[in-house]
Amino acid sequence: MNFVPKINRRSFVIGTAAVGGGLALGLDLPLGPKIVRAADGSPELGVWVVVKPDDTVAIRCVRTEMGQGTMTGLAQLVAEELGCDWSKVTIEEPTPGESVKRKRAWGDFSTGGSRGIRESHEYVRKGGAAARMMLLQAAANEWKVPVSECSAANSTITHKASNRTTTFGKVAEAAAKLDVPKEIALKDPKDWKIAGKPLKRLDTPDKVIGKTQYGADFTLPGMLNAAIKACPVHGGKLKSIDAAKVEGMKGVKKVVKVDDNAVAVVADTWWHAKTALDALPIQWDTGENGKVSSASIAKFLEEGLTAEKAYVGNQVGDVKAAIAGAAKKVEAVYSYPYQNHAPMEPMNATARYTPEKCEVWGGTQNGEAAFASVLAASGLPADKCEFHKMMLGGGFGRRGASQDWVRQAVLIAKEMPGTPVKLLWSREEDMTQGRYHPITQCKLVGAFDKDNNLTGLHMRISGQSILNTLAPQRLDPDGRDPVAFQGLNPRGETAFGYTVPNLLIDHAMRNPHVWAGFWRGVNVNHNAIYVECFMDELAHSVGVDALEFRRKLMTQHPKNLAVLNAVAEKIGWGKPTAPGRHLGLSHMMAFGSYVAGAAEISVEGDKIKIHRLIGATDPGFAVNPAQIDRQVAGSFVYGISALFYGECTVKDGAIEQTNFDTYNSIRIAEMPKVESIVMPSGGNAWGGVGEPTILVAAPAIMNAYFRATGKRIRSFPLKNHNLQIA
Amino acid sequence: MIMAVAELLKNKPKPTDADIDRELTNICRCGTFQQVRAAIHAAANA
């Protein structure tokens, strides 16, 4: 692009559009004897709904909105049960500090694992329904009629028999005096009028006019800025610094050691801080990890492919016997590299510490985890801490389980009591201090009998456990990482979609020192490539159509089959393709949703053109189908970027890629046409939508690539095979 | 991205898809490209 910005991005956006009305955030609850009131004095009807005299409804949301649309979806569910006018809905985000004060009245803040809606739909719907029941009761009391004769819709309560109406705002004060009902019946999703509809996002207008404040935008009067450098080799320590060398540099206020592995420079501007940090002589103690390379990690994992001991994830029959007695055996070894989340906005947080109060502002996927970090780092009790959530310039899992940058910000601010300090990571810091998509290899062996029936499948994963880095307390008592088996489990929300008479899926845990983390899609990114590419290899080896081969193994998995059939039909599987076009399929279950993909590609030399990419998803219930469409398309951008470009390599113990020049991401010209099929099948289970479809892109494209070229690629990214996206 | 689009529309009030592909090289990790493309055409035709 030739355009060089001459003005500040924020002032540009704000200056080019009218700034809309304000939205009161946060809660200050001067508790009366009975009625709980929001900051502006409006009464609460249960914890999820506040109705204002002008009929405006404030719906509470504690899951983090980060562009994925969960806030709008959750509000739709509350509004549906409440029966309010959707145009009058606003959002309030209670802080983690308020949540703690009110005994976690709003439940879990954690926003990862595609759980925003699927794990809170029931209690937020009940919250909306409870508020409606209170409003109806208040109106019935005023009119002295049975509540059963009153109905609510569009923020209006009607008593048909007497032809009377009132509005939510008029009876809210009386309703707030009533007890919150405990017996609550929810609507049948078939009758939804607000939920289930492709409504526009509530957070878009503020973003379009530049009003939304991201963590990196935040400022406070008198605020200083900090730049930080942690030991490039994870697990390494800060040995020594020569602070005197930079303390006299322009703007520098202080050089601060942070924990035992990092150093920060605090200055008047971030650039001064960063310039001094770059000039600061630092010695690291990298220990043994300083000798680790990508090659040594690969060797470490390779050993696990044939190791005797491994944690079992899924076992049926006797796979060893099936393989030993096979008429035909097919084997393949795959691998998948480290990936960085690389959100557009690097990690940052602004902290202000005094012995009486520690407050932090920033983006997080988990307000409660960020709050816990503030407590731990400040050493202050919960009633003296607060975390204020700001908009995130991308999460993708990086801003979830680990709140490492929040801790750093507090530790730095603690060195300068009373002075607010904004810690902003450089892109280089963000690229090298991530919590990376784990690295794995996989050996697959398929066994056929003489009639070409698949009698056995052994899938041995060797590689890193995410929980081992982030939450070792969540490992099974024997050390097994249950998350490693996403998409491969015998049952549950990430169940394996095939029935094979003799099956063994096991994990030889091999943990390099590089920090692992939850990266959008998590372990299904590689598990889906391993299973779905190998399924095509198996089908090819016996000369059976890839779809027919799968169908035979999927008779007991009707929901997997339904999404697979849907994409196959839409892409025209089995029908003649245009000259030079080739198709590929994939499917899996992840985060409670059944997903399938189909790709249509052509290959010219080293260029792969993706003409069509179809994603089908059955999340059980579709709260906002338009938002699901966008999540499908967005997940493909992340998945395709990883497939073609994404790889973090290790040299001398450190991650080598420090910016987007070496860790690339696809651009608008490379974006394939995405068609999504949203096909909720109902039932009792609600699936997620933020992550699942990411898994189908890579195997569908790679299976199409094999059909186009006869070449099977088993290591990634494709740039290492000199393949480019056209 | 928004600023790049503003510049594109200033120089080329009715950009084609090929214009968009050529001129917009901004990274978007959330993957809003389809929506961005649709929005550019909508703005151009407004």
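View 1. Chain A as a whole averages a pLDDT of 94, and 95% of the residues score at least 70. This is a predicted model, in which local features need pLDDT of at least 70, side-chain atom pairs count only at pLDDT 80 or more, and totals for chains, interfaces and linings use all residues. Residues are numbered from 1 along each chain as its sequence is written, chains are lettered from A and ligands numbered from 1 in the order in which they are written, and side-chain values use heavy atoms, with hydrogens and water left out.

**View 2. A:Glu537 in helix α15.** Helix α15 of chain A spans residues 524-541 and holds A:Glu537. Helices are DSSP runs (H or I, at least four residues), numbered from the N terminus. A:Glu537 counts as buried because its relative accessibility is 11%; buried means under 20% relative accessible area, with a 1.4 Å probe and protein chains only. Beyond its neighbours within four places in sequence, A:Glu537 contacts A:Ala332, A:Tyr334, A:Arg712 and A:Arg714.

**View 3. The largest cavity.** A cavity is a set of points on a 1 Å grid over the protein atoms alone where a 1.4 Å probe fits but cannot get out; lining residues have an atom within 4 Å of a point. The largest cavity has a volume of about 80 Å³. Among its lining residues are A:Tyr336, A:Trp519 and A:Pro699. α19 of chain A gives the most to this lining, with four residues.

Methods:
Helices (H or I, at least four residues) and strands (E, at least two) are DSSP runs, numbered from the N terminus. Buried means under 20% relative accessible area, exposed over 50%, partly exposed in between (1.4 Å probe, protein chains only). Contact means heavy atoms within 4.5 Å. On a 1 Å grid over the protein atoms alone, a cavity is a set of points where a 1.4 Å probe fits but cannot get out, and a pocket is an open set with protein on both sides within 12 Å along at least five of seven lines; lining residues have an atom within 4 Å of a point. Grid points are joined across faces, edges and corners, and a volume is the space filled by probe spheres set on the points. pLDDT is the predictor's confidence in each residue, from 0 to 100.
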